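Here's a quick tour of some strand pairings and helix packing in this chain. Have the structure open and follow along.

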Amino acid sequence: MLEIDVDCLVPGITFNKPLLDDKNSRIASPFSPLTQDDINILKKWNIKKVHTEGKIISGHILKKQEENQNNQQAENENIDMSEGAKELSAGQKAKLISLYDEWLADTCDLLQNFSKGTKIKKNSVLSIIDKILLVCPENKNFFLSIAQERETTEYLFAHSLNMAIISVIIGAGLKYNNANLRLLGVAAYFADIGMFKIPKHIREKQVALTQADIQLIKTHPIHSNKMLQNYGQFPEIIAEVVMQVHENFDGTGYPQGKKGDEIHEYAKIISIADTFDAMTKKRSFRQEKIPHNIMKEMLKLVEKKFDPKIMRVFLSTMAIYPIGSMVQLNTKELGLVIDINEASPLKPKVKILYDSQLKKVNNEDIKIIDLIKNEEYKIIGVINPKALGISIVDEI
Ligand SMILES: [Fe+2]
């Protein structure tokens, strides 16, 4: 039996069996999140302890009273709070979205000017990258979802920002220090800048590329390298790395056919970020793919295109059912993957949005199932959330 001090209860906590008070009266039903009103009533009635035969399937309890105050303070400070502690509030989400949109607007200007050869301020780029370092690893799930959803009319602008975000998240997973994360972020941000030297009618071609088109596109890392060398304001390593982003682990990439350890680790990370972000987007030449299928395709490329060591870190971040995957459970319910269990990639946390009859669940009845704690639930399939008109960012 699990016994909990009422002072340690946090709204949103959900159990798989009834939550009872000291007289065994039911306080909350199984799978029904506890509300602030429920907690207020318990306190008003001077009930000190509650108990359940079940276990916590969502949310958390406070270890001691003082943490309640700290938690409240963290909530007020919004973006400083790590996701692991609890779900982001609507206010926190809005703040993170506006941050991303600010970076994206700045990125459109900066990359447009840079591609035309207009001098840009180095600090304008570093300011975006430094904010990414500060905010994205702490809120990685949310930013990985925004990156999947946001698009710009010029594909390369959002793609460049997303490559920086995803690369920094992987770099943080590799325990890079801030100086290294900054270099990695800047290199990722400019990794595709050379694509602007490829005529637009070729890079956005609606039909299959000819061999000549492909050969031309394969020159873009060389352009990226030259553009950064001409700019001359970033460390030399940045220009070296952008040249290597399309090299493959087995030596089949371009432009130099480097392999294994000849490829800089930053370039290996950016290669993964580039592939993942590109595959989540609809392009003129293909439909977007759902994250689960992207991960399956990317896994097939381990030791061919991708370094297994870096891919392992990426996998532990994204899991086989990445955040934003819409999954069907063996109960026939449909839910969105909102968090992953790094130790058990097949058992994420799923927010149930459609019941077994495929009817939309009312907001107050939405439950979150942690598959690691609920062995009876299994994922039996994956569905494209866009087909159901679901915004991932709204639901995470
Ligand atoms: Fe590229």
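This is a predicted model: local features need pLDDT of at least 70, side-chain atom pairs count only at pLDDT 80 or more; totals for chains, interfaces and linings use all residues.

β8 itself covers residues 334-339 and is mostly tucked away, with 5 of its 6 residues buried.

β8 has another partner too: β7 (residues 326-329) pairs with β8 in the antiparallel sense, over 3 bridges. Here Gln328 is the residue opposite Leu334 of β8. The hairpin of β7 and β8 leaves 4 residues between the strands, and in it Lys332 adopts a positive phi near 80°.

Now jump back towards the start of the chain. An open sheet of 4 strands is found there, ordered β1-β5-β3-β4 with antiparallel pairing. Its edges are β1 (2-5) and β4 (26-28), each of which pairs on one side only. β3 (residues 19-20) lines up antiparallel with β4 over 2 bridges, and Leu19 has Ala28 of β4 as its bridge partner.

Here are the strand pairs with their bridge counts side by side:

| Strand pair | Sense | Bridges |
|---|---|---|
| β3 and β4 | antiparallel | 2 bridges |
| β7 and β8 | antiparallel | 3 bridges |

On to the helices. How do the axes of α4 and α7 cross? Helix α4 (residues 122-135) and helix α7 (residues 178-189) have axes that come within 9 Å and cross at roughly 120°. That angle is why the two helices, α4 and α7, count as oblique to each other. As for handedness, α4 passes α7 in a right-handed crossing. On the α4 side, the contact is made by Val125, Ile129, Asp130, Ile132 and Leu133, while α7 brings Asn178, Leu181, Arg182, Gly185, Val186 and Tyr189. Sorted by type, the residues of this α4 and α7 contact come out as 7 nonpolar, 2 polar and 2 charged.

One last stop is Ile238, which belongs to helix α11 (residues 236-244). Is Ile238 buried or exposed? Ile238 has 24 C-beta neighbours inside 10 Å, so it counts as buried; the cut-off is 20 or more. Setting aside neighbours within four places in sequence, Ile238 is in contact with Leu183, Val186, Ala187, Phe190 and Leu228. Gly185 is 53 residues away from Ile238 along the chain, yet their C-alpha atoms are separated by 9.6 Å. Val186 and Gly185 also turned up on the α7 side of the contact with α4.

Note on methods. Residues are numbered from 1 along each chain as its sequence is written. Two strands pair if DSSP finds at least two bridges between them. Axes are lines fitted to C-alpha atoms, for helices over the stretch in contact, and angles run from 0 to 180 degrees between N-to-C directions. Angles under 35 degrees count as roughly parallel, over 145 as roughly antiparallel, 65 to 115 as roughly perpendicular and the rest as oblique. A crossing is left-handed if the near helix is turned anticlockwise from the far one by less than a right angle, and right-handed if clockwise. Two residues are in contact if their C-beta atoms, placed from the backbone, lie within 7 Å. Ala, Val, Leu, Ile, Met, Phe, Trp, Tyr, Cys and Pro count as nonpolar, Asp, Glu, Lys and Arg as charged, and the others, Gly among them, as polar. A residue is buried if 20 or more other C-beta atoms lie within 10 Å of its own, exposed if 12 or fewer, and partly exposed in between; C-beta atoms are placed from the backbone.
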